[in-house]
Amino acid sequence: MRTLLITGPGGSGRTTVAAATAFAAAREGTRTLLLGAGPEDALGPVLGDADLPGLTVRRVDADAGFRADLAALQERAGGALDLLGASRLVPEETGPLPGAEELAVLRALRDAAASEDAYDLLVVDLPAAPRALPLLALPEELRRVLRRLLPPERQAARALRPVLGRLAGVPMPAEWIYETAARLDLQLAAVQALLADRGTAVRLVAEPGPAGADALRTAALGVALRGLRLDAVVANRVLPESEAAGWLAGPVAQQRKTLDEWREEHTVHPVAHLGRDPRGADDLAALAAPVAPAVTGPVRWPVTDRIAEDGVLVWHLPLPGARRNSLDLVRRGDELTVTAGPFRRVVPLPSALRRCTVDGAALREGELRIRFRPDPELWPRTR
């Protein structure tokens, strides 16, 4: 199954484009699942009465997911709650906590990927880019935190945990905590595998113009830093060239200039302005949204061997749109923290680079090239 994640700046019409993309795919005979992951049911008004064979529409229900999680947590921790004399919460009387919506979206992605229903394409209408990009970073970040707090190797001492607790004089983590962490790690790994799959791509929607160009540049940088594949840019609400007269001449020229700039860096699909808010099957068909991309290889961050020429290994990180004054690198053990603009990612070093020291970095042609010099104390010696 291919997965197309659609996001963009707020107000760019990304929900309309997501619906039109799923509608176009279903019309071509592709069994399509359209997943609405926004906080509100924005897909309903756009789709209207559109009913197309091969198109299934679902919406993430953060409330239901939170209530189910709360009930399950209280069931597992029932013994401890009873010992403390704590009264249990009624899920129906509690609203979702911050972060519940993001976890519900991740669960919906996992369930869609593991669904027994046969779909060829999953189209996800994500929230606006400032929220969508941190959401897509959650699986990797949460798994990293879990490994730090509850390292898997500690679980090997399960039988000794009561003894260690008495010797240390402090309570040791209960078994159910490890079981819950392992289950959560497995679920996050499934979502992470979906995002890294060669059939998964991100499509950014923006309205051509100065504001849209700035927001698109930032979003594309965030997508690149996460190692996700950017399929294309959908330029939404493009005004017809035939209307470039009178007061419309300025906006049309501005859009034309932005489109030319975008085409230098991205594959761009213009979607025409209908002169109204698209509603229903006829309008979705009139938008002629581009079909889903073909399956290609994943994004790679290769390491090139320059030891013979310069005595270094070079790690290549494609970061289009990055600027030197907003880049920062911090090496901590076997991890490298990369900050690019408003985004940050902690990435494990490839095995060969763990035996090296950072020798410098340079940003050239939208690519960050980090030089590593072999550590004589760690690097294998040759005769």
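Ring pairs and a sheet

Analyst: Trp-315 is buried, with a relative accessible area of 4%. This is a predicted model.

User: Why does Trp-315 count as buried?

Analyst: Its relative accessible area is 4%, and buried means under 20%.

User: And Trp-301, buried or exposed?

Analyst: Trp-301 is buried, at a relative accessible area of 16%.

User: How many aromatic pairs are there?

Analyst: The structure has two aromatic pairs. In one of them, the ring centres of Trp-301 and Trp-315 are 6.0 Å apart and the planes are at 65°, so this pair is edge-to-face.

User: Where in the chain do Trp-301 and Trp-315 sit?

Analyst: Trp-301 is in the loop between helix H11 (280-287) and strand S8 (303-306), while Trp-315 is in strand S9 (residues 312-318). They are 14 residues apart, and the pair links distant parts of the chain.

User: Which residues do the ring pairs link into a cluster?

Analyst: Trp-301, Trp-315 and Phe-372.

User: OK, new topic. What is the order of the three strands in the open sheet?

Analyst: The order is S10-S11-S12, with antiparallel pairing. Strand S10 (327-332) and strand S12 (343-348) are the edge strands, each pairing on one side only.

User: How many bridges join S10 to S11?

Analyst: Six bridges join S10 to strand S11 (residues 335-340). Val-330 stands opposite Thr-337 in S11.

User: Which strands does helix H9 touch?

Analyst: Helix H9 (residues 210-225) packs on the sheet and touches S11 and S12. The direction of H9 makes about 15° with that of S12.

Key:
Residues numbered from 1 in each chain as written. Predicted model: local features only at pLDDT ≥ 70, side-chain atom pairs only at ≥ 80, totals over all residues. Heavy atoms only, no water. Phe/Tyr/Trp six-rings, centres within 6.5 Å; stacked < 30°, edge-to-face > 60°. Helix = DSSP H or I, 4+ residues; strand = E, 2+ residues; numbered from the N terminus. Buried < 20%, exposed > 50% of the residue type's maximum accessible area, 1.4 Å probe, protein only. Pairing = 2+ DSSP bridges. Contact = heavy atoms within 4.5 Å. Axes fitted to C-alpha atoms, helices over the stretch in contact; angles between N-to-C directions.
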